[in-house]
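Thanks for asking me to look this one over. Here are my notes, point by point, to read alongside the model.

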Amino acid sequence: MPARIIENSNKNIQSEKLIFPPEKEKSMQSHINVESKYTDMYERSLREPEKFWIESAAELSWFKFPKKALKYSPNSELGIFQHTWFEDGILNVSFNCLDRHLVNGKENKPAIIFQGQNEKEVKSYTFKELHEEVCRLSNLFKSYGINKGDRICIYLPVCIEAVCAMLASSRIGAIHSVVFGGFSAEALAYRINHCQCKIVITSDVTVRGKKKIFLKKETDIALQECPSVEHVLVVKKDPDLCEMNPHRDRFYHEEIAKMSPDCSPEPLQAEDPLFILYTSGSTGKPKGVVHSQAGYLLHASLSHKYIFDIREDDRYWCTADPGWITGHSYVVYGPLANGCTTYIYDGLPDFPDPGRCWKIIKENKITVFYTAPTLIRSLMREGESWPQSYDLSSLRILGSVGEPINPNAWMWYYQFIGNNHCRVIDTWWQTETGGIMIAPFPGCHTLKPGSASRPFFGVEPIILRDDGSECAPNESGNLCMKRPWPGMMRTIWNDRDKFIETYFTQFPGLYFTGDGAFIDSDGDYWLSGRVDDVVNIAGHRLGTAEIESALVNHPSVAEAAVVSVDDSIKGEALYAFVTPIRDCIPDETLRNELFTEVRKIIGAIAVPQTIQFTSALPKTRSGKIMRRLLKKIASKKYEDLGDVSTLADPLIIKNLIKGIF
Ligand code: PRX
């Protein structure tokens, strides 16, 4: 399938011509404080990858240091997707995140600090305490007969227990699959069954503003369909809220209290799988992206160190939920491997008021803050008086991830959160890439609002036209990667063919990201969003095919097409065109039932903002739905419909524009 033509050219962004060079004095303390140092290291990572990565591997602690970094045959038939990193090396990820800090003077340093939505709910663990809790949980897993390679499902809100569960899984060599707490029972059941998890760790309840979300209840519904699950561990917040199955369910804290706080870390091969994380693509079902141990950890920790310019006394807060890749790489693995204090917050960013994030930064003297543009835009709407009422002078670096950051939001972040002196770091990457791929280095790169700047070490991007030829500077095209990097996904769980088909067939010999981008004349990268059927709603990645398949699950729906429209806060919002079955007259009841259907099958995040009923969808004569037209109609860009000559029935367009059913 050829990639779609890029429509979003980012023209308005470039015309801004705003630039923010690094300030010499401040950059002096940076890991990389002059551009030539970045260029030398970057070029060396491409020119002498073997040496570069073996040297970098020394940043990790190994039980057996690897002899070789990358094994891969670029010219073989298997091309870029057949690669291994540090294959003969042996290590343990939880050892790298915990044990090694106990002997280098960090045992009493806070490893993780939790702030609940309720202000009084604060919990802090030193590296020593976190190590103990992880060991206890590892022993509990072992007592349940969970072994190396078994799958562990983690369905929790943002909490220390979620971090412990990930680390305990990695300690014993199990493979975790974290499922975002916003997903429904059905979405959870799919993910549990797909990789046959033996255990689920969940919580009775979590709060979002004034709303309570009952995760254990969702788990119970899911588990009616999940025969592989033998044990459920429940993190208890409110004992009255939870029904327990005496044969299967136990309370997390009661169980781990019975366990020993010592547990030797399992020596693991560098290429053993560390986790599976389900993510949306162009197909109707999510894909289980598999990451390995050493390559992933090295990419996460090295990028965390350099891109956020991490120092010993940093207080680092990334707002991501562990249910997404940012929560894996930049809440848990990257920071903890670097011995950095990581803050987590479970609650709405505007609860009880829009000053909440700024208050947390002030009270904890946060130095590095990493969040998504959607959060910035939603708090920007509330006005600068909120951040201005808090002393944010502790901040040094502000990160952004998950979607393109528009220059207005970038400037607001820079001026009102960073007080015109912080480095704003726009980081581009994906679940599949494991770690940051394109981002400025704070101490040496000139920032441009809206640009993700430069590739990270070992990352070799190329931008191609749909016909596979290389784009000229300033010309938008399809972003691909020319060679493997350590944190690159290794496969799709149980589906090697789909792995190859999804990422390596559009542009043979290259990894296709699914994103559009261009490089400006200075060599800076500008990302413009997806060029496939993946959408990004408030930083959450969803496949339109998944939502369409949820809609057609309703007995009154014959067909559905979902597109995204621009949204000033969420980045993109979902717009669904739905054709009911013959003789069904659609009404508000059907609309509400469809909202409920999507909520039930996927979760609230996937519920379309708008549903437009239509008696037919615009199709080509060969029966293909013309989504590009639907996107324009949903965005009310009627004057710009382009070529409609291939439409089987042009009258449909007129009716759609007029809203006639
Ligand atoms: O379209 C890109 C967008 O998010 C997609 C990856 O989503 P996910 O796998 O959920 O990971 C999100 C967190 C890394 C990408 O294909 N994206 C991510 N970061 C940026 C971005 N788009 C533009 N600029 C970014 N900084």
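1. Begin with the side chains of β19. Residues I397, G399 and V401 point one way from this strand, while L398 and S400 point the other way, and all of them are buried. This is a predicted model, so please read every value below as computed from it. The strand spans residues 397-401, and five of its five residues are buried, so "mostly covered" describes β19 well.

2. Which strands flank β19 in the pairing? On one hand there is β18 (residues 368-371), which pairs with β19 in the parallel sense over four bridges. To find this pairing on screen, go to V368, whose bridge partner in β19 is I397. On the other hand there is β20 (residues 423-427), which runs parallel to β19 and is joined to it by five bridges. Here a handy pair to look for is V401 with its bridge partner T427 in β20.

3. Helix α16 (residues 407-417) belongs to it, and β19, α16 and β20 together make a right-handed β-α-β unit.

4. Now to the ligand. There are 17 residues around it, and those that come nearest are D426, T427, T431, D515 and R541.

5. Which side chains place an N or O atom 2.6 Å or 2.9 Å from a ligand oxygen? For Q430 the distance is 2.9 Å. For T431 it is 2.6 Å, and a polar side-chain atom of D515 likewise lies 2.6 Å from an oxygen atom of the ligand. As for cover, the ligand taken alone exposes 540 Å², and the protein buries 96% of that. The elements giving two or more residues to the shell are α12 (325-337), β20 and β25 (525-530).

6. What is the make-up of that shell? Its residues divide into six nonpolar, six polar and five charged.

7. Finally, please turn to β14 (residues 273-279), another mostly covered strand, with six of its seven residues buried. It pairs with β7 (residues 175-178) in the parallel sense over two bridges, and F275 of β14 is the bridge partner of H176. With β15 (residues 287-292), β14 pairs in the antiparallel sense over six bridges. In that pairing, I276 stands opposite V290 of β15.

Terms used
Residues numbered from 1 in each chain as written. Predicted model: local features only at pLDDT ≥ 70, side-chain atom pairs only at ≥ 80, totals over all residues. Heavy atoms only, no water. Buried < 20%, exposed > 50% of the residue type's maximum accessible area, 1.4 Å probe, protein only. Pairing = 2+ DSSP bridges. Right-handed = clockwise from strand over helix to strand, strands pointing away. Near = heavy atom within 4 Å. Polar contact = N/O pair within 3.5 Å; in protein donor to acceptor, adjacent residues only side chain to side chain. Areas by Shrake-Rupley, 256 points an atom, 1.4 Å probe, with all protein chains shown as cover. Nonpolar A, V, L, I, M, F, W, Y, C, P; charged D, E, K, R; others polar.
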